[in-house]
Amino acid sequence: MFETFTATITKLWESSAFCNISLQQGIMILLSFVLMYLAIVKQFEPLLLLPIAFGMALTNIPGAELYHPEFFLTSNVDYGQVLHDGGLLDILYLGVKLQIFPPLIFLGVGTMTDFGPLIANPKSFLLGAAAQAGIFITFLGACALSMIGITGFTMEEAAAIGIIGGADGPTAIFVTTRLAPQLLGSIAVAAYSYMALVPVIQPPIMRLLTTKKERAIKMEQLRAVSKREKIIFPIAVTLLVSFIVPDATALVGMLMLGNLFRESGVVDRLVKTAQNELMNIVTIMLGVTVGATATAENFLKVETLAIILLGLIAFSIGTAAGLLFAKLMNKISGGRINPLIGSAGVSAVPMAARVSQKVGAEENPSNFLLMHAMGPNVAGVIGSAVAAGVLLSIFG
């Protein structure tokens, strides 16, 4: 009896994660604790960073068999095998692989977005477009690093890394899933980390590229936007963008559908569902499954450090490009545009607009830039989706 008991305990120990964990898996679990700390204590994008961190911990537990990256790294995924042999996170990851979750996130974002400031000042589209320069400049930089042998990024991987510059997590996930699924964990962590660090990264760039006089500029109040304009806008944008860049239709279409729900005023139940229940459920599943892709084999590489650095460069260039273009518009307009609103052209809604307001108020406490900055900010959401469509049409 005693020998049987001993054999049972020995077998249980040998099959446990304690006995089978590798150093790399241990490092990944510790890293997940760091991300949990940032999400809970520092409140860095907690709604997504917390499930991402927990998914990262789950996927690196030996023997749990919740996620099998080998199922998804080939171009022809055997979905029958995934459904038959896959673990919990394999099944949920189908929502990412089949590009279902990011557009649903955009649907919820659309119901919470007021495009009124953009409609009132259509020039904001230019600032949102200018801020996407970080995506394409970083893409070229990642290609250059690969050409000179510093990294081994392919063109598709470089495009996925560049999209971090849009400061839009769902867009980054959407593009990376198609172009470089093996980098999904690294790119998602970088994208959401920089979104959370907008109040830290942007102000020094804003102060460096603008003068005190420019930061103190007060802008005229925006005109009132009619309900008819707000209803026509999402329909017109969907058709225009989809006809020009069909690969952006899933993101832009769902974003504008959500906004049409909001502005129509006749589907309050759908608006509340998209804003709350649907958004929350998809956020949980998206976060946990994206975190699950951060296995030790895929994450603990020199390329991950390069991705994090290039992501910072992409975001910084996007901020700077928006600011510089706003300075140009200020010169052309005779000094009526505060260049600070250009930094909001990145897609971190509404945090980037709030940073513009904060920095402007530091120079002139009576300055109220928030609504002016929201125009470029929501234009950046559309711009990042269009940029994603361009990259997918070229490399997808």
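Tutor: The accessible surface of the protein chain is about 17800 Å² (Shrake-Rupley method, 1.4 Å probe). Carbon and sulfur atoms hold 68% of that surface. This is a predicted model: local features need pLDDT of at least 70, side-chain atom pairs count only at pLDDT 80 or more, and totals for chains, interfaces and linings use all residues. Residues are numbered from 1 along each chain as its sequence is written, and side-chain values use heavy atoms, without hydrogens and water.

Of the 396 residues, 53% count as buried, meaning under 20% relative accessible area with a 1.4 Å probe, protein chains only. The chain has 22 helices and zero strands; these are DSSP runs, H or I of at least four residues for helices and E of at least two for strands, numbered from the N terminus.

Contact means heavy atoms within 4.5 Å. On helix 16 the contact residues include Ile231, Phe233, Pro234 and Val237. Helix 17 contributes, among them, Val252, Gly253, Met256 and Leu260. By class, the contact has nine nonpolar, six polar and three charged residues. Here Ala, Val, Leu, Ile, Met, Phe, Trp, Tyr, Cys and Pro are nonpolar, Asp, Glu, Lys and Arg charged, and the others, Gly among them, polar.

Key:
Buried means under 20% relative accessible area, exposed over 50%, partly exposed in between (1.4 Å probe, protein chains only).
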